[in-house]
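Me: I'm new to this one and would like to learn how to read it. Could you walk me through it step by step?

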Amino acid sequence: SEKDLQPGDLIFISGLYFDETRRPKPHNMTHVEIYYPCGESGVQTIGSRHKTGCVQVHEDYRFESKTYHSMTFYYRPIDAWLDGICRSHCREHRWVNG
């Protein structure tokens, strides 16, 4: 949950494309950013937005996208990944090792 976020955790964002001709991603996942609470609000992230290709610190992970709408946020700790435990949280799309 948002209240459990630690610096470095991942915030995945799902959404629906405004352009209905675009092929949706699995589970409508459209974006991911790294939680980096460096300011007063405590909701800053590091990521690349708006097709600029430039990674920067953003004041708030809750932003208005120009590409998709109906956004949902999913919070995942980075610790397991750093420990080499990479697993899918989806029953439909399991990851295969090796």
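This is a predicted model: local features need pLDDT of at least 70, side-chain atom pairs count only at pLDDT 80 or more; totals for chains, interfaces and linings use all residues.

Me: How many helices and strands are in the chain, then?

Reply: You'll find one helix and five strands. Starting at the N terminus, the order reads β-β-β-β-β-α. The C-alpha trace spans about 40 × 35 × 25 Å along its principal axes.

Me: How do I read "buried" and "exposed"?

Reply: Buried means under 20% relative accessible area, exposed means over 50%, and partly exposed is in between. In this chain, buried residues make up 27% of the 98 residues.

Me: Is Cys38 buried, exposed or partly exposed?

Reply: Cys38 has 45% relative accessibility, so it counts as partly exposed. You can find Cys38 in the loop between β2 (29–35) and β3 (45–48). Setting aside neighbours within four places in sequence, Cys38 touches Gln44 and Val57. Its C-alpha is also 9.1 Å from that of Pro7, a residue 31 positions away along the chain.

Me: What about salt bridges, how many does the structure hold?

Reply: A salt bridge is a side-chain nitrogen of Lys or Arg within 4 Å of a carboxyl oxygen of Asp or Glu. The structure holds four of them.

Me: Are Glu33 and Arg49 buried or exposed?

Reply: Glu33 is buried, at 1% relative accessibility, and Arg49 is buried too, at 7%. For another case, take Lys3 and Asp4, whose side chains meet at 3.4 Å, N to O. There, Lys3 is exposed at 72%, while Asp4 is partly exposed at 46%.

Me: Which residues are linked in a network of salt bridges?

Reply: Glu2, Asp60 and Arg62 are linked that way. Between Asp60 and Arg62, the closest N and O atoms are 2.9 Å apart. Asp60 is partly exposed at 25%, and so is Arg62, at 42%.

Me: And which residues gather in a patch of positive charge?

Reply: Arg22, Arg23, Lys25 and Lys51 do, on the surface. Lys25 belongs to the loop between β1 (10–17) and β2, and it is partly exposed, with 42% relative accessibility. Over the chain, the mean positions of the 12 positive and 13 negative charges lie 8 Å apart.

Conventions
Residues are numbered from 1 along each chain as its sequence is written. Side-chain values use heavy atoms; hydrogens and water are left out. Helices (H or I, at least four residues) and strands (E, at least two) are DSSP runs, numbered from the N terminus. Buried means under 20% relative accessible area, exposed over 50%, partly exposed in between (1.4 Å probe, protein chains only). Contact means heavy atoms within 4.5 Å. Patches are made of residues with over 30% relative accessible area and no salt bridge: like charges are joined within 9 Å, nonpolar side chains (Val, Leu, Ile, Met, Phe, Trp, Tyr) within 5 Å. Accessible areas come from the Shrake-Rupley method with a 1.4 Å probe; for residues, only the protein chains shown count as cover. Lys and Arg count as positive and Asp and Glu as negative; His and the chain ends are not counted. The place of a charge is taken as NZ of Lys, CZ of Arg, CG of Asp or CD of Glu.
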